[in-house]
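Subject: Structure handover

Hello,

Here is the structure for your files. My notes on the ring contacts and a few other points follow below it.

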Amino acid sequence: MKNSSRIAIIFFLFVLVSSCKQQQDARRPISQASGSFMKKSIARNKKLVATEETKIQDLIKSNPNVVYLASKKGYWYSYVTRNEIDSLTPKKGDVAFFDYEIKDLKGTIIYSELELRPQIYYVDKQNIMMGLRDGIKLMRKNEKVNFLFPSNMGYGYHGDNKKIGTNQPLICTVTLRDFKPEAVYKKESELKTKAVPVAAPIKKETPAVSKTTDTITQ
């Protein structure tokens with residue numbers, strides 16, 4: 001009986017070890033497939049970026065009279081109106097006031113300035129288009145700039161689920177009206193709120209009650 005029990009235990013341990021080994025071996029193809037998928041995805045993204053950059057370069061070449069500058073973040077921009085006097089640009093902690101419109105690379109308006117107005121942006125504290133997030137910090141007050149954004153600096157693979165499609169490069173024309181520290185903006189907003197006169201409550205007129213005097217004859 002003792003031998004039978006020992007054999008049963010040994011057999012059980014053998015089955016358990018074999019089962020664990022099979023489970024470990026079964027995971028390898030998943031890991032390999034995941035790595036392969038990532039490599040293919042990176043290759044597709046590189047090809048997509050190269051294609052979009054070619055389109056943007058073709059647009060730049062088609063406008064030889066316009067000087068485009070290349071940013072370190074992978075987009076291009078040119079000045080429509082330039083401010084040569086001021087040196088300050090928006091930074092984190094500022095509030096920027098700007099107008100802009102969005103076009104495709106053919107120049108067709110997707111969103112007009114009127115549709116998007118007004119824009120009040122807390123610099124580096126709000127989730128806006130990546131290209132605008134960086135581009136606004138290059139601008140000085142009252143400057144107007146044309147930005148050429150590849151899709152990875154715009155709305156990427158998903159678009160905006162409205163008018164901007166999948167992997168769509170964009171032209172954004174931005175006018176920076178003003179910018180100021182957030183604390184100053186909040187204080188000004190509070191003063192404006194206090195300055196607005198509060199309308200006096202309208203008093204309802206109470207209808208006159210006519211009194212009837214009874215004459216008592218004695």
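The charged end of Arg 82 lies over the ring of Tyr 79, at 4.0 Å from the ring centre. Please keep in mind that this is a predicted model.

Tyr 79 also belongs to one aromatic cluster, together with Tyr 75, Tyr 77, Phe 147 and Phe 149. The count of aromatic pairs comes to nine. One of them joins Tyr 75 and Tyr 77; this pair is tilted, with 6.3 Å centre to centre and 50° between the planes. Both Tyr 75 and Tyr 77 are buried.

Tyr 75 forms an aromatic pair with Phe 149 as well, and that pair is edge-to-face: 5.2 Å from centre to centre, with 70° between the planes. Tyr 75 is in the loop between β1 (69-70) and β2 (76-81), while Phe 149 is in strand β6 (residues 144-149), so the pair ties together parts 74 residues apart in sequence. Tyr 75 has 0% relative accessibility and therefore counts as buried. Phe 149 is buried too, its relative accessible area being 1%.

The other point concerns Lys 91, in the loop between β2 and β3 (94-103). Lys 91 counts as exposed because its relative accessibility is 52%, and the cut-off for exposed is over 50%.

Regards

How values were computed
Residues are numbered from 1 along each chain as its sequence is written. This is a predicted model: local features need pLDDT of at least 70, side-chain atom pairs count only at pLDDT 80 or more; totals for chains, interfaces and linings use all residues. Side-chain values use heavy atoms; hydrogens and water are left out. Rings of Phe, Tyr and Trp (its six-membered ring) pair if their centres lie within 6.5 Å; planes under 30 degrees apart count as stacked, over 60 as edge-to-face and the rest as tilted. Buried means under 20% relative accessible area, exposed over 50%, partly exposed in between (1.4 Å probe, protein chains only). Helices (H or I, at least four residues) and strands (E, at least two) are DSSP runs, numbered from the N terminus. A charge sits over a ring if NZ of Lys or CZ of Arg is within 6 Å of the ring centre and within 35 degrees of the ring normal.
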